[in-house]
Amino acid sequence: QKVENLPSPFDGEPVKVALVQQSGAGDFFTAWTAGAKAQAAAINIDLTVYDARNDNAKQASDLEQAIAAKPDAIIVDHGQTDTIESHVHDAVDAGIPVIVYDLALKDSTGVIVTSQSDASMAQGVLDQLVADVGDGAKVGLASTDGFAPLERRKKVWDEVVAEHGLDQLFFTGKVTESTATDNIPLIDAALKANPGIQAIFAPYDEITKGVVQAVQQNNLQDKVKVYGIDISNADIEVMTADGSPWVATSATDPSAVGAGVVRALALSLAGQLDETSVQFPAITITRDFLLEKGITNVAQLREAEPSLLLSDTVVADWLPAISG
Ligand code: SR1
């Protein structure tokens, strides 16, 4: 989908952009990166992708390497504040425009900051959780600290737990290059140690899938409800399977978000971005909705919920949203 009549700097030699990722693993990041690449290709951006495979020291050296290559701009996707922020400042000091996605910065001067609407995403599924299991229910959190979106979602969780007197019996989880598989033993142990759990909030779909497996291998699918964040073809298959405990998720279309981050950068390079931060809106999707509509993949979900395409977010006549 190449776009014609592009403004400067997209109307000449390809614009060189480095994408420095903490990890490209899992459904979300695979789709996000595909969306970023498609949007970049449409507007004459030559995108070089660095994937640190969840190695924070490597992401820092990837960013140093990217700065040394003097690209026209850098996108930093996720990362730990402690290891990445100083390098972001180095890039800004070197005159390289920087846009970050899901990276918490203590000082974001000169940087475009983007994220999903994490607070409303978490609120959407947690409202459903409270409606389903009620105040005072026994619950668990399957997540981890150190990742900006997960910490933003946990903040809402802590508020909901306090407001509704939920009895939080565990908080466990990890992010790795095999997050779904690596969370199964953690949740299995938590379920065995805490009989009577009624609901689990697992605010990252790779963790959610691990939670669903652990619930099923303990034969607790009729007793424990699971609430997630994110959506993918594989997630829809898990949610709509017979007797699935995964009852609701809040999500964007990750491919549309990856594309949206590239558009925000492109608007900024063209001198047409007024804001310094962009948030991508999400929707809450229930298992019942997917089953009622007969939705079996993300393409069908986009048709049912066109707002997922983000067609009105950071767009211009010369910069339409790329559909996934
Ligand atoms: C490890 S952080 C994972 C989250 O970041 C993305 O923005 C996705 O929504 C995912 O849940």
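**Note on salt bridges, core and sheet**

1. Lys 138 is partly exposed, at 32% relative accessibility. The classes are buried under 20% relative accessible area, exposed over 50%, and partly exposed in between, with a 1.4 Å probe and protein chains only.

2. The model is predicted, so local features need pLDDT of at least 70 and side-chain atom pairs pLDDT 80 or more, while totals for chains, interfaces and linings use all residues. Numbering starts from 1 along each chain as its sequence is written, and side-chain values use heavy atoms, without hydrogens or water.

3. Asp 167 is partly exposed, at 31%. The side chains of Asp 167 and Lys 138 form a salt bridge at 3.9 Å, N to O. Asp 167 sits in strand 7 (residues 167–172) and Lys 138 in strand 6 (residues 138–142), so the pair ties together parts that are 29 residues apart in sequence. A salt bridge here is a side-chain nitrogen of Lys or Arg within 4 Å of a carboxyl oxygen of Asp or Glu. Helices (H or I, at least four residues) and strands (E, at least two) are DSSP runs, numbered from the N terminus.

4. The structure has 13 salt bridges. Arg 152 and Asp 118 form one of them through their side chains, at 2.9 Å, N to O. Arg 152 belongs to helix 5 (residues 148–163) and Asp 118 to helix 4 (residues 118–133), so this pair ties together parts that are 34 residues apart in sequence. Arg 152 is partly exposed at 30%, whereas Asp 118 is buried at 1%.

5. Asp 62 and Lys 58 lie four residues apart in helix 2 (residues 56–68), about one turn. Their side chains meet in a salt bridge at 2.9 Å, N to O. Asp 62 is buried at 2%; Lys 58 is partly exposed at 34%.

6. The largest nonpolar core has 69 residues, and Ile 75 and Ile 200 have the most contacts inside it. Domain 1 (15–117 + 253–281) and domain 2 (118–251) both contribute residues, so this core lies between them. The domain bounds come from an automatic or database domain assignment. A nonpolar core is a set of buried Ala, Val, Leu, Ile, Met, Phe, Trp, Tyr and Cys residues joined through side-chain atoms within 4.5 Å.

7. Which residues touch Ile 200, leaving aside neighbours within four places in sequence? Among them are Gly 140, Ala 142, Phe 170, Val 211 and Tyr 227. Contact means heavy atoms within 4.5 Å. A second, separate core of 21 residues includes Leu 126, Ala 137, Leu 166 and Phe 201.

8. Six strands form an open, mixed sheet in the order 7-6-8-9-10-12. Strand 7 and strand 12 (283–286) are at the edges with a single partner strand each, so one side of each has no neighbour in the sheet. The twist averages 15 degrees from one strand to the next. Strands count as paired if DSSP finds at least two bridges between them. Strand 6 and strand 8 (residues 199–202) run parallel, joined by three bridges. Gly 140 has Ile 200 in strand 8 as its bridge partner.

9. Helix 7 (residues 205–217) lies across strands 6, 8, 9 (225–229) and 10 (246–251), at about 165 degrees to strand 9. Helix 8 (residues 233–240) lies across strand 10 and strand 12, at about 155 degrees to strand 10. Axes are lines fitted to C-alpha atoms, for helices over the stretch in contact, and angles run from 0 to 180 degrees between N-to-C directions.
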